[in-house]
Amino acid sequence: MRIRYFAAAAQAAGTHEEHLDLDELLAGTPDHDGEATLGHVLELLSAREPIAAPASGDLLVRRATSLGTVLLRCSFLVNGVSAQDHSRALKPTDELDILPPFAGG
């Protein structure tokens, strides 16, 4: 499945887009019913370590906000339709958009 990250989610993920093999995800998830869910994907993404900012000289490396922290505030679209139900089944052909809250005027 294709995952697209926007704004703060892209910064925390370290990429704007990635592809996730749902069969591989399910192989590592003992409590599934044969289908990947939005909750499974979000759990996997939340478990990732924060990306460290590149060091320059002797400056301390400041760790970025973890993707798990950002995901707590995000909205999700599956194939362009809002999806907040974490038990929603996902297919390998689905596209998941991760949208943090936007501010502006």
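Which residue in the turn of the hairpin formed by β4 and β5 has a positive phi? In this predicted model, local features require pLDDT of at least 70 and side-chain atom pairs count only at pLDDT 80 or more, whereas totals for chains, interfaces and linings use all residues. Residues are numbered from 1 along each chain as its sequence is written, and side-chain values use heavy atoms, with hydrogens and water left out.

The protein contains four helices and seven strands, assigned as DSSP runs (H or I of at least four residues for helices, E of at least two for strands) and numbered from the N terminus. Their order from the N terminus is β-α-β-α-β-α-α-β-β-β-β. Of the 105 residues, 35% are buried, that is, under 20% relative accessible area with a 1.4 Å probe, protein chains only. Among contacts (heavy atoms within 4.5 Å) between residues at least 6 apart in sequence, 54% join residues at least 24 apart.

Strand pairing, which requires at least two DSSP bridges between two strands, links β1 to two partners described here. β1 pairs with β2 (residues 17–19) in the antiparallel sense over three bridges, with Arg4 bridged to Glu17. With β7, β1 pairs in the parallel sense over four bridges, and Ile3 has Leu96 as its bridge partner. Ile3 and Tyr5 form the covered face of β1, while Arg2 and Arg4 form the uncovered one.

β4 also pairs with β7, in the antiparallel sense and over four bridges; here Leu96 is the bridge partner of Val78. The covered face of β4 holds Phe76 and Val78, and the uncovered face holds Ser75 and Leu77. Two bridges join β4 to the antiparallel strand β5 (residues 81–82), where Ser82 stands opposite Leu77. The hairpin of β4 and β5 has two residues between the strands, and Asn79 in the turn is the residue with a positive phi, about 55°.

The largest nonpolar core comprises 26 residues, and those with the most contacts inside it are Ile3, Tyr5, Val41, Leu96 and Ile98. Elements giving two or more residues to this core include β1 (2–5), α3 (38–46), β4 (75–78) and β7 (95–99). Such a core is a set of buried Ala, Val, Leu, Ile, Met, Phe, Trp, Tyr and Cys residues joined through side-chain atoms within 4.5 Å. Leu96 touches residues including Ile3, Val41, Phe76 and Val78, not counting residues up to four places away in sequence.

Terms used:
Buried means under 20% relative accessible area, exposed over 50%, partly exposed in between (1.4 Å probe, protein chains only).
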